[in-house]
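Trainee: I have a model open and would like to talk it through with you. Could we go over it piece by piece?
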Amino acid sequence: MLVLKDIHKEYRTGDTVVEALRGVSLAFGSHEFVAILGPSGCGKTTLLNIIGGLDRYTSGDLAVNGRSTAQFKESDWDVYRNHSIGFEFQNYNLIPHQTVLSNVELALTLSGVSRDERRKRALEALDLVGLSDQVKKKPNQMSGGQMQRVAIARALINDPDILLADEPTGALDSETSVQVMEILKEVSRKKLVIMVTHNPELADTYADRIIRLLDGQVVSDSNPGAADEAEPSADVRKQKTSMSFMTALSLSFSNLLTKKGRTLLTSFAGSIGIIGIALILALSYGANAYIRRVEEDTLSAYPLEITQQAMNLTDSLSSLMGLSDAEKTREDGKIYSGSRMTNMMSAWWSSVTNNNLRNLKAYLEDEKNGVRDLVSGIEYSYETPITLYREDAWGHIIQVNPSATMDAAGVSDVLEMSMSSAGIFSDTLMTESSRRLNVFAPLLDNRDLLRHQYDVLAGRFPESMDEVVVIVNSRNELSDYTLYTLGLRDQTELAWQFEQLQAGNEIDAPPMEFTYDDLLSLRFKLVLNTDLYEKRGDRWVSMKDEDGEYLRTLLEDAQEIRVVGILRPSDGTVATSTASGVGYLPELMKQVVTRVNESEIVREQRENPDTDIFTGKPFDTTRDDILQALKDMSLADFAKQYGAMMGWPDEIITQLNTYSGLLRLIPKEQILQFMPSVLPEIEGGSYTRNMASLGVSDLDAPSSIYIYPKSFEAKEKLTDLIDAYNDAASEENVIQYTDYVGLLMSSITDILNAISYVLIAFVAISLVVSSIMIGIITYISVLERTKEIGILRAVGASRRDISRVFNAETVIVGFGAGVIGILVTLLLVVIVNLIIHALTGLSGLAVLPVRGAVILVIISVVLTLVAGLIPSGIAARKDPVEALRTE
């Protein structure tokens, strides 16, 4: 079975050579009890280690079952030790942090045996040595004899061909020694048992064969025989041993539990870097999330606004602030006139342009352009008014939309004059200013954003065009302007209050309270502009100036609009798409436009475009007439004669007359260049004015477009898309618009990210340092577990298995460091959020993302694993013989 042929073993130390074995040749049978005797240093243990594959012979050959080991690789010796050899050591060499059962199972784990099979065979081996009731004990809880019997059970667990016992009774009393020898004698009936001992009496009593060594040579052999002449066994090299990573984790985890304090402190030290990075990540992530919310909320309140008539303020101011390219030469001694006023008025006038919103709307709604992916919503505004009435508590029929509150206060003329002055001739700008005075406003067509921005105090969000919601501010308040507009306060008070203010007296409005039911019970009546005309004969007559009975009768059959919910801005919302007041769905405007366009009076006017349906007479003035008059007249005279026809307010006409001297400074070419853009509004005389008074609009041609980007980044992409649209459009279709959030810096996020990256870089240094520290501690663990390395190698563990054990240890420490770091960070996040809330009022600013936490734990594991590669490599390269000698 086992043959040694002229085995030599030399140990070299510098130039010194020590021969431990000198030409040893022996043959062993498959089942005999062989005792090797000799003085200390004669080569007994060296011979045993060579037979067991722990040490390599210098020359000669070792044959197992007829196969030479001369060409064995390291992995072949690992398999040989695991499958063919069982070791029993004088000092037991049990792994102290493993239970008795785990110690015995160890060799089987390297053979790939299943857990249940391992347990079954381990219990059988322990039962054979009489320790089946001690499976849960640790080695330090047992006597020397019990530990030696555990070592025998471990040696037999894998059913090896050869059992090697090195001084098995050297540390035992005589009674226990007899018990151990009896077990070995029983084992030798089926296996080859080779025992090294200093006790000749035990050898004479139990051994079948006694071999004596002296100075590395065999000096006597009581029964020299020959190896069994059996068929060669299967090539041991084709079998494989491999420790699973779970086994490595179990070994390392058990070892770490024996040093709980050090392991915990090591993991905590390794977690410091993780804590720093996790805190920065939590603050950065939370701040970025807050900025995104601010961006979305802000952009929902300040959209990209594109109107039919736009004033390019950027170009206008640039032209005023810019210097002339050509420097003018001035002579000393003379005073020259400047052209600042002329330049200013020319720049102001030329900055007004007319936008083709029909084409732009089609472009925005084309899915191929990708606009919808960048916006929270797009709102289209039309000249068609949504006229709503209700009867207040005092029995008055009041118009709640468009708001008539300023009319009731007697200040509408003053406001209209100031808006007209600001907007010059722009009806669109005036319309938009008036729009902002209305209490009713469209809700953004984005239900998810609305649910994010508002909390429902009562009722629900609207679902159809005849449903609206009341929106209060964060303090559950409605402004007095809203209350007057909705008729919840008596509008007749306003005129008296205005008179008191003009007289220098103070006014005071008593506070009011409303229940949710009070507001949910509000009902409004929808009246179309076309409903306010009746046909009498061949003409249509306006009923607006009739007494209130006509309106009361009209309201009885008018469509009802009801309040279905009360909303309040959510906590933390910076801005909302709709201010406090009443919000309605965009479908309401579409319904109103459609009904107006389909009305009888509008249909008749369209069928007779040359006849005024209100007078029954043809339209007189033509576009060419107006253009010719503008060429022939001053602007002030033109305003007197044609201003009313063009729909200009009386205040504008008066101001043009007042400042007629200044207006003469504006080049007529500038006026003629601008005027055609506004003439389509009155094309065909008063036909357009008639259609406007009826509230006619084209759903494909809005008067204004409000685009709500999702973020600043999306806004930049949107402006790029509009720029691309302008580049491809003809000159008359180029769009001018106002970007109210253009001054807000989108680079805030970039700056915050840059700061975060710098801080993370600094903290990462501590993470690397802590990883190096873990590597050093792992190396200390290698030194502490050197004997365990020898034990594992003795039962067949490969170098890779040893490396895996210590890699598993660093993985556990790294995982512990990562988890501790995340748990401490979560605790600190709570504290940080409390501090931030106390200082700024912001809630939940610091948020550690789950994905970020997982990644940080993985980073911790990877860094500690990398830091432990060198110590684990050192452990794998340790000589098993030297490792077993370590105490």
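Trainee: Which residues in the largest nonpolar core touch the most other members?

Mentor: Bearing in mind that this is a predicted model, the largest nonpolar core has 98 residues, and those touching the most other members are Leu 2, Phe 28 and Ile 194. A second, separate core holds 58 residues, among them Leu 374, Leu 388, Ile 561 and Ile 705.

Trainee: Let's take Ile 194, then. On E8, which residues are on the one side and which on the other?

Mentor: Leu 192, Ile 194 and Val 196 are on one side of E8, while Val 193 and Met 195 are on the other, and all of them are buried.

Trainee: Which strand pairs with E8 over 5 bridges, and in what sense?

Mentor: That is strand E7, residues 162-166, which pairs with E8 in the parallel sense. Within this pairing, Val 196 in E8 is the bridge partner of Asp 166. Going from E7 to E8, the chain passes through helix H6, residues 174-187, in a β-α-β crossover that is right-handed.

Trainee: And E3, how many bridges does that strand have with E8?

Mentor: Strand E3, residues 33-37, pairs with E8 over 4 bridges, in the parallel sense, and here Val 196 in E8 stands opposite Ile 36.

Trainee: Zooming out, what is the strand order in the open sheet of 6 strands?

Mentor: The order is E6-E7-E8-E3-E9-E10, with mixed pairing. Strand E6 (85-88) and strand E10 (217-221) are at the edges with a single partner strand each, so each has one side left without a neighbour in the sheet. On average, and with direction ignored, neighbouring strands of this sheet are turned by 20° against each other.

Trainee: In what sense do E9 and E10 run?

Mentor: They run antiparallel, with 4 bridges joining E10 to strand E9, residues 209-214; in this pair, Ile 211 stands opposite Asp 221 in E10.

Trainee: Which strands does helix H1 lie across?

Mentor: Helix H1, residues 44-51, lies across E3, E6, E7, E8 and E9, and runs at about 155° to E7. Helix H5, residues 144-156, also packs on the sheet, where H5 touches E6 and E7 and its direction makes about 170° with that of E6.

Trainee: Switching topic, is Trp 77 buried or exposed?

Mentor: Trp 77 counts as buried, because its relative accessibility is 3% and the cut-off for buried is under 20%. Trp 77 is found in helix H2, residues 74-84, and, leaving aside neighbours within four places in sequence, this residue is in contact with Gly 53, Arg 56, Tyr 57, Leu 62, Thr 69 and Phe 72.

Trainee: How many residues apart in sequence are Trp 77 and Ala 797?

Mentor: They are 720 residues apart in sequence, yet their C-alpha atoms are 9.8 Å apart in space.

Trainee: Last one, then. At what angle do H32 and H33 pack?

Mentor: Helix H32, residues 799-840, and helix H33, residues 850-867, pack at an angle of about 145° with their axes 8 Å apart, and H32 passes H33 in a right-handed crossing. The residues that meet include Gly 814, Phe 815 and Gly 818 in H32, and Leu 856, Ser 860 and Val 861 in H33.

Terms used:
Residues are numbered from 1 along each chain as its sequence is written. This is a predicted model: local features need pLDDT of at least 70, side-chain atom pairs count only at pLDDT 80 or more; totals for chains, interfaces and linings use all residues. Side-chain values use heavy atoms; hydrogens and water are left out. Buried means under 20% relative accessible area, exposed over 50%, partly exposed in between (1.4 Å probe, protein chains only). Helices (H or I, at least four residues) and strands (E, at least two) are DSSP runs, numbered from the N terminus. Two strands pair if DSSP finds at least two bridges between them. A crossover is right-handed if, with the strands pointing away from the viewer, the path from the first strand over the helix to the second runs clockwise. Contact means heavy atoms within 4.5 Å. A nonpolar core is a set of buried Ala, Val, Leu, Ile, Met, Phe, Trp, Tyr and Cys residues joined through side-chain atoms within 4.5 Å. Axes are lines fitted to C-alpha atoms, for helices over the stretch in contact, and angles run from 0 to 180 degrees between N-to-C directions. A crossing is left-handed if the near helix is turned anticlockwise from the far one by less than a right angle, and right-handed if clockwise.
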